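Keep the structure in view while you read.

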Amino acid sequence: MNMMTEHYFDQSATTRPSDAAVEAMISAAWGNPSSVHAVGQRAANELREARAAVGRTLGMPRFSQDRLIFTSCGTESNNIALLGCARAKKRDPERPGTVILSAGEHPSLENPALLLEKEGYAVVRIPTAGGALDLDFLEKALGEADAPVIFAGFMLVNNETGAVYDVKSAASLVKKKFPDAVIHCDAVQGYLKMKFTPTSLGVDTLTVSAHKIHAVRGAGALYVNAAVLKRRNIAAVMPGGGQEGGFRSGTENLAAIRSFAAAAEEGYANLDGRIARTAELRARLDEGLSRLDVRLNRPVRGLANIASVVLPGIRSETMLNELSGRGIYVSAGSACAANSKKKSLALEAFGVSASDADSTIRVSLDHTNTEEDVEALLEGLAEGIANLQRKRTASAGK
Ligand code: PLP
């Protein structure tokens with residue numbers, strides 16, 4: 001069989017589990033960590049170790065008063081943060097509160113916010129034109145908020161454009177005006193790709209996801225700081241057996257959690273090398289792209305791992321299929337937006353026109369990519385553009 005060499009550039013959608021992550025999954029204790037007998041306690045010990053390991057990657061000291069809640073994915077962590085905050089206190093039905101989000105958040109935060117909007121919460125979206133959070137707009141919105149701000153969510157890295165937002169400045173503005181608000185950060189795309197901790201960002205809650213960092217799918221985490229715990233600012237949205245400190249009931253998926261911890265430890269130990277390697281690959285990619293008939297949606301400050309590339313009048317899905325036929329895998333906008341065929345809120349918020357958004361592909365890479373991958377992508381794009389333009393000219397001439 002003639003096996004095609006594959007070149008994977010969809011690392012922001014999901015990643016291939018590392019050997020250590022798979023081994024940790026396979027060797028996980030099978031007991032229920034809540035059982036008090038020895039079989040259960042073996043699982044409980046592994047769970048404790050995994051929590052400490054992931055906690056270390058987020059700068060949590062050994063006996064931290066903050067908490068790390070294991071969930072099933074980033075989506076669940078974001079939902080617990082926002083809906084859990086809304087449900088935590090008795091709210092005035094006439095004026096339940098204000099929620100602030102950056103424009104173009106991932107649907108796992110934007111869609112629960114829409115639910116709250118229907119319930120009467122005011123939701124204010126902070127513009128992110130050019131990939132920068134509009135801090136003046138934020139300051140004005142804080143001053144004009146009709147009902148107290150209960151929650152503010154700012155993603156660290158946008159999943160479609162790679163824009164890195166100034167979460168720290170935004171968090172400090174909100175804290176100054178509304179000290180009791182929960183300040184949340186969806187750090188799914190920045191985790192183990194850049195250096196930060198929830199404390200360095202000044203946020204109260206923070207989401208990470210295992211399958212974006214070379215672990216198997218099925219685990220995520222929500223960091224919650226001691227201040228939020230003390231104020232009881234997050235309530236359980238799925239009551240049950242009380243696992244994960246009551247914040248996320250359901251028997252823990254220890255195999256996935258162990259895989260998460262193994263990948264997190266690997267990523268943390270090698271972070272500098274990974275950042276440098278990705279930057280090298282990205283520099284080569286950018287150089288090659290500059291010779292092609294494409295443009296970049298280039299954020300004010302961007303992460304090397306994500307390139308948002310506008311093709312010359314070619315629909316992103318057409319190019320995606322063309323490249324896929326050559327074993328080169330990219331995505332159209334983000335995987336989620338591509339699935340739902342909805343317009344991309346992130347690209348719109350960035351200021352990309354509707355027609356450019358239709359022609360935008362997302363190339364997401366990481367340290368596991370190679371120079372050969374980058375060369376194959378550049379060649380595939382050059383030939384793909386030429387082929388598709390030729391076809392277009394031929395059909396226009398008919
Ligand atoms: N937040 C961001 C920024 C993401 O990119 C994603 C996934 O693409 C998620 C949240 C959701 O993570 P998960 O797939 O683990 O639910």
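Q: How many residues of S10 are buried?
A: This is a predicted model, where local features need pLDDT of at least 70, side-chain atom pairs count only at pLDDT 80 or more, and totals for chains, interfaces and linings use all residues. Residues are numbered from 1 along each chain as its sequence is written, and side-chain values use heavy atoms, with hydrogens and water left out. Strands are DSSP runs (E, at least two residues; helices are H or I, at least four), numbered from the N terminus. Buried means under 20% relative accessible area, exposed over 50%, partly exposed in between (1.4 Å probe, protein chains only). S10 is mostly covered, and its buried residues number 5 of 5.

Q: Which residues of S10 point the other way from Ile306, Ser308 and Val310?
A: Both sides of S10 hold buried residues. Ile306, Ser308 and Val310 point one way; the other way point Ala307 and Val309.

Q: Over how many bridges do S10 and strand S13 pair?
A: Two strands pair if DSSP finds at least two bridges between them. S10 runs antiparallel to S13 (residues 360–364). Ala307 has Val363 as its bridge partner in S13. The count of bridges between S10 and S13 is 5.

Q: What is the bridge partner of Arg295 in S10?
A: S9 and S10 run antiparallel and are joined by 2 bridges. Arg295 has as its partner in S10 Val310.

Q: Is Asn297 buried or exposed?
A: Asn297 sits in the loop between strand S9 (295–296) and strand S10 (306–310). Leaving out residues up to four places away in sequence, Asn297 touches Thr161, Ser308, Val310, Leu347, Phe350, Val352 and Thr360 (contact means heavy atoms within 4.5 Å). Its relative accessibility is 7%, so Asn297 counts as buried.

Q: Which helix gives the largest share of the shell around the ligand?
A: A residue is near a molecule if one of its heavy atoms lies within 4 Å of it. Of the 14 residues around the ligand, Thr75, Asp186, Gln189, Ser209 and Lys212 come nearest. The largest share of the shell is 3 residues, from residues 74–88, helix H3.

Q: What share of the ligand's exposed area does the protein bury?
A: Polar contacts are pairs of N or O atoms within 3.5 Å. A ligand nitrogen is 2.6 Å from a side-chain N or O atom of Asp186, and a ligand oxygen is 2.6 Å from one of Lys212. Accessible areas come from the Shrake-Rupley method with a 1.4 Å probe. Taken alone the ligand exposes 390 Å², and the protein buries 91%.

Key:
Polar contact = N/O pair within 3.5 Å; in protein donor to acceptor, adjacent residues only side chain to side chain.
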